[in-house]
Amino acid sequence: MKRVFLTSDTHFSHQNILRFEAKNRPFPNIYLHNQELVARWNSVVNNDDVVWHLGDVFFGSDNSEVLQALNGTKHLVLGNHDHYGIQNYLPFFDKIVGCTQINHCILTHIPIHPSQFFRFKANIHGHLHSHLIDDARYFNVCVEQNNLTPMLLDDVFAKIERRLKQKL
C-alpha cells in the first residue's frame, strides 16, 4: 500500500541553516547534514511511497546528487527559497504547486492567514522551522518538528483531529 509523507524545509546545502537551527541540526558541516537528512528520509520512505515536500528544498542550483538519493515519488509545494528555476526541480518532483488541499486541509509553505479557515479545517505548513503557532488549526511539518524525518500523513491527520477536539 502506498503511504504518503509530509516534510518541509530540508534546506539541503544551506550552510547557514546549521547556525540558524543549531540545536536541531547539530552537524559540523553541510555535507554531513545532507547525508543525515537523506539517511533519515530513506529510513522511513520506501520507493513506492509519496512525499509532499512543503518547500525550501535546497540552496544552490545543483543538488541533483542529494535529490536523486531520496526515496519515493516527490511532490513540491514551492517555498520562499525555491527560486532556482523550474528546470532544477522538474527532474526530481512529479508535481510542483503553490499549494494543495488534502482532506479539507490546505498544504502550504508559509502559514495562511487565519481569516481563511472558513475554507479549511487546518493548515499543514512549513517555513517556521522550530517555532510553532499557538492555534490547533496550524500544523508545522518542518524537519525540526520530527527529528529531521518526514512524517506520515495519517499521523499528521490524527494529531490535527486530537488537537481540534481538545480546543472545543
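1. Asp 135 is buried in this predicted model. Its relative accessible area is 18%, and buried means under 20%. Its side chain meets that of Arg 137 in a salt bridge, 2.7 Å from N to O. Arg 137 counts as partly exposed, at 27% relative accessibility.

2. A search of the whole structure finds five salt bridges, including the Asp 135 pair. Another joins Asp 49 to Arg 3, with the closest N and O atoms 2.7 Å apart. This pair links distant parts of the chain, 46 residues apart. Asp 49 sits in the loop between helix H2 (30-44) and strand S2 (50-53). Arg 3 lies in the segment before strand S1 (4-7). Asp 49 is buried, at 1% relative accessible area. Arg 3 is partly exposed, at 29%.

3. Arg 25 and Glu 144 form a salt bridge through their side chains, 2.8 Å from N to O. They are 119 residues apart, another link between distant parts of the chain. Arg 25 is in the loop between helix H1 (17-20) and H2. Glu 144 is in the loop between S8 and strand S9 (151-152). Both Arg 25 and Glu 144 are buried.

4. Now the sheet. Four strands form an open sheet with mixed pairing, in the order S5-S6-S7-S8. Strands S5 (100-102) and S8 (138-140) are the edges, each pairing on one side only. Neighbouring strands are turned by 25° against each other on average, direction ignored.

5. S6 (residues 105-107) and S7 (residues 122-125) pair in the parallel sense, over three bridges. Ile 106 stands opposite Asn 123 in S7.

6. Helix H4 (residues 153-167) lies across S5, S6, S7 and S8. Helix H4 runs at about 140° to S8.

Terms used. Residues numbered from 1 in each chain as written. Predicted model: local features only at pLDDT ≥ 70, side-chain atom pairs only at ≥ 80, totals over all residues. Heavy atoms only, no water. Pairing = 2+ DSSP bridges. Helix = DSSP H or I, 4+ residues; strand = E, 2+ residues; numbered from the N terminus. Axes fitted to C-alpha atoms, helices over the stretch in contact; angles between N-to-C directions. Contact = heavy atoms within 4.5 Å. Salt bridge = Lys/Arg side-chain N within 4 Å of Asp/Glu carboxyl O. Buried < 20%, exposed > 50% of the residue type's maximum accessible area, 1.4 Å probe, protein only.
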